[in-house]
Amino acid sequence: MNNPWHLYAMAALYIVAGIMHFIKPEMYMRIMPRYLPNHKTLVLLSGLAEIMLGAALLFKETRAWAIYGIMLMLTVFLLVHFYMLSGKKASAGIPKWLLIFRIPLQFVLMYWAYGYL
């Protein structure tokens, strides 16, 4: 495989982030919007999705599928980012400027993934 190092970095980013959903699920459940059901299940499913999509980036045969999946996943994750801006408790103690910064960061991550199509 002749892939650039930054593709491996992206794959590692999602795989590690996904593993963290299983190591520290309470951290993710704390920031789940109240209107979503079954927080723990959703946290674990999103972690599994991140691991699978990160791994799928590593193979030419599954890369396009993974890229579209990552872009969709990041779009869905915007729900959490906007929810975290809704109040002090929802922010989980993260400074507001950082919460605001995370929203355009999602689009940067989408663009980064799109670049591998």
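This is a predicted model: local features need pLDDT of at least 70, side-chain atom pairs count only at pLDDT 80 or more; totals for chains, interfaces and linings use all residues.
Local features need pLDDT of at least 70 and side-chain atom pairs pLDDT 80 or more, while totals for chains, interfaces and linings use all residues. Residues are numbered from 1 along each chain as its sequence is written, and side-chain values use heavy atoms, without hydrogens and water.

**View 1. The largest nonpolar core holds 20 residues.** Such a core joins buried Ala, Val, Leu, Ile, Met, Phe, Trp, Tyr and Cys residues through side-chain atoms within 4.5 Å. Buried means under 20% relative accessible area (1.4 Å probe, protein chains only). Tyr 14, Leu 57, Ile 70 and Leu 74 touch the most other members. H1 (5-23), H3 (39-56), H4 (60-84) and H5 (96-114) each supply at least two residues; helices are DSSP runs of H or I, at least four residues. H4 gives the largest share, eight residues.

**View 2. Contacts of Tyr 14.** Contact means heavy atoms within 4.5 Å. Leaving out residues up to four places away in sequence, Tyr 14 touches Glu 50, Ile 51, Gly 54, Leu 57, Ile 70, Met 73, Leu 74 and Leu 109.

View 3. A pocket is an open set of 1 Å grid points where a 1.4 Å probe fits, with protein on both sides within 12 Å along at least five of seven lines; lining residues have an atom within 4 Å of a point. Of 37 lining residues, His 21, Tyr 28, Ser 46, Glu 50 and Phe 77 lie nearest the centre. H4 gives the most, ten residues.

**View 4. Gln 106 in helix H5.** Gln 106 counts as buried because its relative accessibility is 6%. Beyond residues up to four places away in sequence, Gln 106 touches Leu 74, Phe 77, Leu 78 and His 81.

Key: Buried means under 20% relative accessible area, exposed over 50%, partly exposed in between (1.4 Å probe, protein chains only).
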